[in-house]
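This report walks through a few local features of one protein model and the ligand placed in it. Please look over the sequence and the structure shown here before reading on.

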Amino acid sequence: MLLALLLTCATLVAPARAGTAPEVTYDKYSLTVDGRRIVLQSAEFHYFRLPSQELWRDVMEKFKAAGFNAVSLYFSWAYHSPAPGVYDFSGVRDVDRLLRTAHEAGLYVIARPGPYINAESTGGGFPAWLKTVPGRARSFEPGYREAYREWLHRINPIIARHQVTDGGPVILYNAENEYQVNTDASYMQDIQDQARADGITVPITTNDCCDAGSWSSTWATGPGAVQIPGVDDYPQSFECANPGLWGPWGEGLTEKLRDDIPVFAAEYQAGAIDLGNAGYDKCRELTGPAFMKFFYKNNLIQTGATMFSYYMGYGGTNWGWLAQPNDVYTSYDYGAAITEARRLTPKYDEFKRQGYFLEAVAPIAKTDALTPSPAVPAGAALTTVARANPDTGTQFVLVRHTDRAATSADSATLDWAAPDGRYQVPVQVKGRDAHVLVAGYDLGGQRLAVSTSSIMTHAAIGGRDVALLYGTAGAPGATVLRYASQPSVKVLEGAVRVAYSGGDLRLDYAHEGLARVLVTGGGRRPVLLLIGTDEEAARFWRASTPAGPVLVRGTELVRSATLRGDVVRLKADTASGAASGAAAAGEVEVFAPPSVKRVEIGPSSGQPASQGSGQAATPSSGQSVGGGDVPVTRTASGSLRGVTRAPVPADLPALTGWRAHPEAPEAAPAFDDSRWKAADHTTTTSPHPPKTLPVLYADDYGFHNGNVWYRGHFTATGTETTIDLNAITGLRGNYLVWLNGRYLGSAAGGVEADSGDQWTPPNPDPGPGHFAVPAGVLKPGADNVLAVLVANMGHNDDWIADDLRFKQPRGLVAASVSGTPIAWRIQGTAGLDKLRGPLSTGGLYGERTGWHLPKYRDKSWKEAAPSAALTPGVTWYRTSFELDLPKGQDVPVGLRFGGDPSPAYRVLIFLNGWNVGQYGADIGPQREFSLPAGLLNERGTNTLALAVTAEQPSAGPGPLSLFTYGNVRGGP
Ligand code: IPT
């Protein structure tokens, strides 16, 4: 028995021996990677929502710079597979490069290839062709089984060759996604068996939703059980319109699912989908720093969680037809810490404060609950919760309001029985906040007895410790350090009271600005204490170099640093500097070893300069393309302080020279549709039986994305009076109808709610459109043509694994012209755009003819701006513009619609041929669209094309303009 136990422990936590491959193990406390316990601090990123490989690096470097040590990656099957057996992993779909980039950025990877991913992505990640495959999706049924195995056998080997055991970044493999409805153990087991067969050796996880008991604990040892189940938590809900909410969906404490595994917050809310069209700024507020401080710290200390993956770290864009139509529009900004345009927000600052702490203070990776926690005086409005590391004794104490929702400022003196003695120390919680305080900690060469400031980070730099502590502006703080004899203390900046007695050096202060205290002697190496407010602390960056860490105060972002000779070289982004007139704004201060005398800012010298940013400078050149030398002076703190160079302003051209062309020749009776597919199926594999024959479901004819055209030919008797149609488009979709070239009007298409589910039968009349046959339009005895343009807004997800929603048809689902037989033809996307992939291009005439592509010659089109009046149908606009954005700077550019949006039209936006979004009052609240570098030619010609579908006469969607989201010197 004992031997068995020992063996189990050995297999779970054995550190890698020298010379063997690193391995990923775990015990009840935490993951151990290559012999080192880690707190997993991961953020979610969807490469498919950022179609620009160079920008993947930017996002991941920003994650790393915030103290994340991992990135969680869904892989979207739909993004890679246009048809059964056809897969593409090139260009923006090059996931080998993605995984390499993660590795280069210094991040571990949680690989989440589904097969089902949800993610508000079309089909929940399922390719639409899967809708025509028999066998219930997300089950072990034949049909689906062959299909998902095909995907896994394509994606798994790529993931496998990037595992940590092979020198790559992948440490975990997540099977399926929130698979808690209609669960099928054989399926769940098979996903894991396929992964193992394909060479996946790292632990397998899964993310449970809602009912944390289901999959993980009930079947903990049976078929389908994974090694490390985790839980998804979204305590703030998705009600962005009401950002003052406080945990409407629970306390957000991640459950411990099994005794032998760490607590794993597999998806923890870090933003929200904008269900109510409130705009993502409101979502960012709903999930802002106050929420992060309270909920994340509670989770850390109350549950002892050591595995966190925050959803989303960066949201991105539902470009093309990537969106699942019911919950999202083009932007998937998500109110995340990093915006869609890759800008950093106050949420990023909070991630950085927490992430740096988890990274620097190693004992937090292994703790048990500790009682009693430090005492709060009776009647105080505050509560403490404590944990301690069983090996070091280090204590971690959460201080928060007793009433979770309290917004008051409350203070108390804690009576703290810490490992080094008993201390009375002041704490304050101001508004919705919480603090994690530390006692009994070997902080570098120091002994921290107790502190009521939070530790952000500390580093041994040049023979001394530099420790960064912080607290709420104005709140009192006390820090006690232990010494063998009385040290000498110099308060360099700030108001700090110093007292020494019996080995305790006690500092008392209020958090204001940034206080600096230098302590030398006392039997220890020197320490520089930097004690700031939350805001001051967030201005610091920590970067590792082979010669040890450096700390940097200021700049927008420090991506990495190198030390060579007397030079520290920062790969940093700077937004302002001396040239801006506000010298202090561009200040940079570097804490490096004393041998360092010079500061350079530019591309890192250790790696090849990235595209467009020029060659790396040599230390002696004194100039570098990305920023160059920063003149510095040495401060009393021993740091180097200077002012960075400001970025060059970026000029954007006005959008002029528009040309327009009407589309929709398909509406005209004489249009030649003889090469279109005949829509003549009489059967379908769809679980939704057809209401009229032939079956008109677009997916059944291989047309899966974007608009689809139907032309129905019938020999009129002359007595037809009504045209009765029914179409399913997904939410926000519509369809337009012409008879013999006469526009009859439009109707709204059926939506997900119409598909029914396992409890409710499908709506028999999902997207009705009834049109009277106008007098004089029919040609009795001759060929009459009914033309219908149906929007396909994307495919429903399969969250409840019932097939009915996911397999809800798109396109016409019923059609009748007073009972007269109709012969149908159908046309959607023409061919596959290999560069842009299966989700970019739909079936509009202009798309089939290449009007959206840069090379199309539009000289014959008439000059007209997109604000001109619209008639029903489709009108295209094109223009081109030249950019000459400054080199070595990161200037994200957007496109803004300036007019009042109308529900009368919808606009597809193409940048250099890439569908970058959809605009319209019915589509969502979005007015600004990101034009990501990579798709955008930052120094050269760009083409914009708009396809405007108007369902009624109206003013056009213009005027349009370009704008910048920001401008920094530096960049990825
Ligand atoms: C959970 C999904 O796992 C994830 O893919 C995404 O859809 C996210 O939520 C919401 O943005 S679903 C959970 C909220 C029930």
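Predicted model: local features only at pLDDT ≥ 70, side-chain atom pairs only at ≥ 80, totals over all residues.

Helices and strands are DSSP runs, numbered from the N terminus, with at least four residues required for a helix (H or I) and at least two for a strand (E).

**The ligand and its surroundings**

The ligand sits in the second largest pocket, where 18 residues surround the ligand, the closest being Tyr-74, Asn-118, Glu-120, Glu-178 and Tyr-334. By type, the residues of this shell divide into eleven nonpolar, three polar and four charged.

| Residue | Side-chain atom | Ligand atom | Distance |
|---|---|---|---|
| Asn-118 | polar | oxygen | 2.6 Å |
| Glu-120 | polar | oxygen | 2.4 Å |
| Tyr-234 | N or O | oxygen | 3.4 Å |

On its own the ligand has 380 Å² of accessible area, of which the protein covers 91%.

**The disulfide**

How many disulfides does a search of the whole structure find? The search finds one, and this disulfide joins Cys-240 to Cys-283, with an S to S distance of 2.2 Å. The disulfide is right-handed because the torsion about the S-S bond of Cys-240 and Cys-283 is about 105°. Since Cys-240 lies in the loop between β9 (228-233) and β10 (264-269), while Cys-283 belongs to helix α8 (residues 280-286), the pair ties together parts that are 43 residues apart in sequence.

**Backbone features in loops**

Most peptide bonds are trans, and most residues other than glycine have a negative phi. Glu-176, a residue other than glycine, has a positive phi, near 55°, and Glu-176 is located in the loop between β7 (170-174) and α6 (185-197).

Methods
Residues numbered from 1 in each chain as written. Heavy atoms only, no water. Near = heavy atom within 4 Å. Polar contact = N/O pair within 3.5 Å; in protein donor to acceptor, adjacent residues only side chain to side chain. Areas by Shrake-Rupley, 256 points an atom, 1.4 Å probe, with all protein chains shown as cover. 1 Å grid on protein atoms, 1.4 Å probe; cavity = no way out; pocket = protein on both sides within 12 Å on 5 of 7 lines; lining within 4 Å. Sits in = over half its atoms within 2 Å of the grid points. Nonpolar A, V, L, I, M, F, W, Y, C, P; charged D, E, K, R; others polar. Disulfide = S-S within 2.5 Å.
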